[in-house]
Amino acid sequence: MLVFLVIGISSVRRKKESYLMSTLNSLFNGMSKNQKKNCVIIVLIAEKILFFSFFSFPKEIRSGVLEVISPHRSFYPDFSNLKETFGDSKERVRWRTKQNLDYSFLMMYAQQKGRYYLQLEDDIVANHGYLFTIHDFIEQKFSKEWIVLEFSQLGFIGKLFRCKDLPLIVEFFLMFYKDKPIDWLLDHLISVKVCNPEKNGKDCQSRKSNLRIRYKPSLFQHVGFHSSLTGKTQQLRDKDFVKTSLFKKHVNPPAKMKTSLKVYQQFTLEKAYNGIEIFWAFAPKAGDYILFSFEEPLKIIRYLFRSGNSEHRRDILHNTTVDILPSNVSISAHINVKPLSASQRFKEGFCRPKTSPISSLPVFSVRRVHAQ
């Protein structure tokens, strides 16, 4: 059964910092349960030495909303004899050539899985509710003979195609993959289809605009600073991207709370718990804690603690556990009390396990177990 939307992401190793996990979290956080049933994200691991943590998204892997693939090395040609063009170094030419092949492989794999294909990069943040907007915009342009709908002005980010058009697009890319970057090739493809060489450039641009339709404001923002090209840094930002809230509003059960962390400015724990603002504190040390003591008996089935956000991806909790404690635990004694269930550790800034139902008047303890 075809899904409505296939999202393709190609990921390669960066020596300084990886953005893939935060990108996937941003995409999944912007999906409803129903949307996840009609969407699949395909991550192409474009290097053998790149490690992907399946444990970060077990439910998504099992349900099929997330797939991870990797081309066999025989798919790639010998890159040692590439011609240097446009003043680019040999390493940069190799990088952009391989990137063209990675995108082409993704498109070939995706074409039989859905109705539409959206190309993203592994270092972006998505506007919350991006899928609703994409679906509505496709419906508005359904009768139009477009080739690409653009949801970002940067490079090849946020480019959406009909899956039935992908074979033609990939064929064009593979003819010229050694010659130019992929966003240039896409522009050339559209020019070949509609531009009359006997007409002027203005006429060509007008015709291309009917096949290449831009949505504003942009739905995706580029956040990567360290490029996948070794030694390259970039601060590309989409000026048409509208920043979304740095936290998700939520409703929590009534509770008393206490923390040993030193709060930064007005970003208090109480405001975060009540869905008003983020909680921001100075760097924790071994032994620091956050305690939530609930005022009414609860049946706990699952819980979620999320640290960090799109603007401060490094401000996440490391070496930290979440424990569910008996209700009669005092603030001073919580460290040595045996929890009601197994301690849960933060991974990639998140802690969201499923637990066996617990009916009691519990205390949540978030503890930094040792210094990093």
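Q: What makes Lys33, Lys37, Lys59, Arg62 and Arg302 a patch of positive charge on the surface?
A: In this predicted model, Lys33, Lys37, Lys59, Arg62 and Arg302 gather on the surface as a patch of positive charge. Lys and Arg count as positive, and like charges are joined within 9 Å when the residues have over 30% relative accessible area and no salt bridge, so these five names are grouped as one patch. Helix 2 (33-37) and helix 3 (58-63) each supply at least two residues of the positive patch.

Q: Why is arginine 62 called exposed?
A: Arginine 62, whose place is in helix 3, has a relative accessible area of 65%. Exposed means over 50%, and therefore arginine 62 is called exposed.

Q: Why is phenylalanine 86 called partly exposed, and what is said of its phi?
A: The relative accessible area of phenylalanine 86 is 49%; buried means under 20% and exposed over 50%, with partly exposed in between, so phenylalanine 86 is called partly exposed. Phenylalanine 86 is found in the loop between strand 3 (66-69) and helix 4 (90-110), and its phi is near 55 degrees, a positive value in a residue other than glycine.

Q: Why is glutamine 265 called exposed?
A: Glutamine 265 has a relative accessible area of 53%, and because exposed means over 50%, the word applies to glutamine 265. In the loop between strand 10 (255-259) and helix 9 (269-273), glutamine 265 has a positive phi of about 50 degrees, although it is not a glycine. Most residues other than glycine have a negative phi.

Q: How do you know that the peptide bond from lysine 216 to proline 217 is cis?
A: The omega of the peptide bond from lysine 216 to proline 217 is near 0 degrees, and the bond is cis. Proline 217 lies in the loop between strand 8 (212-214) and strand 9 (220-222).

Q: How do you know that strand 4 pairs with strand 1 and with strand 7?
A: Two strands pair if at least two bridges are found between them. Strand 1 (residues 3-11) and strand 4 pair over 7 bridges in the parallel sense, and valine 3 has glycine 114 as its bridge partner in strand 4. With strand 7 (residues 159-162), strand 4 pairs over 4 bridges in the antiparallel sense, where glutamine 119 stands opposite lysine 159.

Q: Why are strand 4 and helix 1 called mostly covered?
A: In strand 4 (residues 114-121), 7 of its 8 residues are buried, and in helix 1 (residues 20-29), 8 of its 10 residues are buried, among them Leu20, Met21 and Phe28.

Key. Residues are numbered from 1 along each chain as its sequence is written. This is a predicted model: local features need pLDDT of at least 70, side-chain atom pairs count only at pLDDT 80 or more; totals for chains, interfaces and linings use all residues. Side-chain values use heavy atoms; hydrogens and water are left out. Buried means under 20% relative accessible area, exposed over 50%, partly exposed in between (1.4 Å probe, protein chains only). Patches are made of residues with over 30% relative accessible area and no salt bridge: like charges are joined within 9 Å, nonpolar side chains (Val, Leu, Ile, Met, Phe, Trp, Tyr) within 5 Å. Accessible areas come from the Shrake-Rupley method with a 1.4 Å probe; for residues, only the protein chains shown count as cover. A salt bridge is a side-chain nitrogen of Lys or Arg within 4 Å of a carboxyl oxygen of Asp or Glu. The place of a charge is taken as NZ of Lys, CZ of Arg, CG of Asp or CD of Glu.
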